[in-house]
Amino acid sequence: MRHPEHVIKYLMFGKELEDIGARGLLRKLRDRGSRQGPRIRIEGLDCVNFGSNDYLGLASNPSVIEASVRAAEKWGSGAGASRLLAGGCDLHAQLENLIATIKGAPAALVFGSGYSANTGAIASLASESDALFSDELNHASIIDGCRLSRAETLVYRHRDAGHLEELLLSRKGVRRKIIVTDTVFSMEGDIAPVEELNDLAIANGAVLYLDDAHGTGVLGRGRGALAHAGIAHAPHIVQMGTFSKALGSLGGFIASEGDISGFLVNTARPLIFSTALPPAAVAASIRAAEIMMEEPGLVDRLWENRARLADSLGRIGQGTGNSESPIIPIRAKDAYDATRLSEALLERGFYAPAIRPPAVREPLLRITVTAAHEADDLDRLADALGELL
Ligand SMILES: *Cc1c(COP(=O)(O)O)cnc(C)c1O
């Protein structure tokens, strides 16, 4: 016995999937047939990759790979348990010390991913008696963290410190106020007004929680958005970040005061109820962070490439929106147009993904520049875009 076909389709979400397709919003997984890097093979095609967040090209750096291999040999493959149940090893603490130093904070705590760092930390730091103040374009992991916290979440207009101030003043009685923002916004590539937000945090007795996923390894000579803004770490500041982007590995972190770290060890559910990162990933993060600090030329190269692409795009009459980072959005007319642009680029040998709702409000082509691109890659991308736009 079997359900009739129309019932199966209903039970298995076939209708919902068709509806997504009918709106031009169907997503599909595209797996590589090669290493991560400036040149990849995707769906059998060799192309120049403008779709990764591997800003410093460290995911395929030989020394990072070697550190990872050696750690797997020494410490084994899986971590075997949560950090609280001896799933961590010497490497986990070593990475925490290193990232605390880089961020200028007294302590750091490593999570399984940036996503779980945000959902775990925000949900722990805020509860019913508190209020969260969140930029309207914040990353999904922040939005989910706010929801899980059960705190009231007040959403302020994108990068609008004036609106944030109004909202802060409107909540006089709450126990704790926490301002949460992406530093570099992951789709538009623009940067939060960190200095103004910090001033508001101080004036209003609030915590400033910075998601530096795209700032770490990119801004402030690699140290991140706080260093870029010329602000020293302070007790009211929490710097979240990831090892998965510029550092070419996997994992998230919270750099903060020791008390906050200790509190998170005792309360953050993704830390308590999820297995620790595998030693190979932790060793890769350590080596990548060391290289970032030892070889400042790498970050310089990233910014040279970013400037070169922005110039070339200018020559074809294409602006870079509000982007101030290696993330450059190219606006599309609609979701179909974004997909068409991405496909046409792929035929010409360039991979740049179309980003559509619900990830963004207005569909766009998202281009990310890395230190590993050659000048010629950037010039040829601009030429191809010139023909297509
Ligand atoms: C990618 C990203 C995350 C999640 O980090 P992962 O390590 O990939 O889980 C969090 N916040 C922002 C702003 C991001 O872009």
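Reply: The account below begins with the ligand, moves on to the strands and ends with individual residues.

The model is a predicted one: local features require a pLDDT of at least 70 and side-chain atom pairs count only at pLDDT 80 or more, whereas totals for chains, interfaces and linings use all residues. Numbering starts from 1 along each chain as its sequence is written, and side-chain values rest on heavy atoms, with hydrogens and water left out.

The ligand is surrounded by 14 residues, of which the closest are Gly 114, Asp 211, His 214, Ser 244 and Lys 245. By type, the shell consists of two nonpolar, nine polar and three charged residues. In this scheme Ala, Val, Leu, Ile, Met, Phe, Trp, Tyr, Cys and Pro are nonpolar, Asp, Glu, Lys and Arg are charged, and the others, Gly among them, are polar. Helix 5, residues 114–125, supplies three residues, the largest share of the shell. Helices (H or I, at least four residues) and strands (E, at least two) are DSSP runs numbered from the N terminus.

Several polar contacts can be named. The term refers to a pair of N or O atoms within 3.5 Å; within protein, one atom must be able to donate a hydrogen and the other to accept it, and residues adjacent in sequence count only if both atoms are side-chain atoms. A ligand oxygen lies 2.9 Å from a polar backbone atom of Tyr 115. Side chains take part as well: an oxygen of the ligand is 2.7 Å from an N or O atom in the side chain of His 214, and a ligand oxygen is 2.7 Å from an N or O atom in the side chain of Lys 245. On its own the ligand has 380 Å² of accessible area, and the protein covers 85% of it. Such areas come from the Shrake-Rupley method with a 1.4 Å probe, and for residues only the protein chains shown count as cover.

Two strands are said to pair if DSSP finds at least two bridges between them. Strand 10 and strand 13 (residues 364–368) run antiparallel and are joined by five bridges. Across this pairing, Ile 328 is opposite Ile 367, and Ile 330 is opposite Leu 365. Four of the five residues of strand 10 (residues 327–331) are buried, so this strand is largely enclosed by the rest of the structure. Buried means under 20% relative accessible area, exposed means over 50%, and partly exposed lies in between (1.4 Å probe, protein chains only).

Elsewhere, strand 1 (residues 39–42) runs antiparallel to strand 2 (residues 45–49), with four bridges between them. Ile 42 has Leu 45 of strand 2 as its bridge partner. These two strands make a hairpin with two residues between them, and Glu 43 in the turn has a positive phi of about 50°. Strand 2 also runs parallel to strand 11 (residues 350–351), to which two bridges join it; there, Asn 49 stands opposite Tyr 351.

Ser 82 is found in the loop between helix 3 (62–75) and helix 4 (90–103). Ser 82 is buried, at a relative accessible area of 7%, and a polar atom of its side chain lies 3.1 Å from the backbone oxygen of Ile 272. Apart from neighbours within four places in sequence, the residues in contact with Ser 82 (heavy atoms within 4.5 Å) include Gly 87, Leu 271 and Ile 272.

Ala 126 occupies the loop between helix 5 and strand 4 (131–135). With a relative accessible area of 1%, Ala 126 is buried. Beyond residues up to four places away in sequence, Ala 126 touches Leu 132, Ser 149, Ala 151 and Ile 178.

Val 174, in the loop between helix 7 and strand 6 (177–182), counts as partly exposed at 22% relative accessibility. Val 174 touches Ser 129, Asp 130 and Ala 131, residues up to four places away in sequence not being counted.

Methods: A residue is near a molecule or strand if one of its heavy atoms lies within 4 Å of it.
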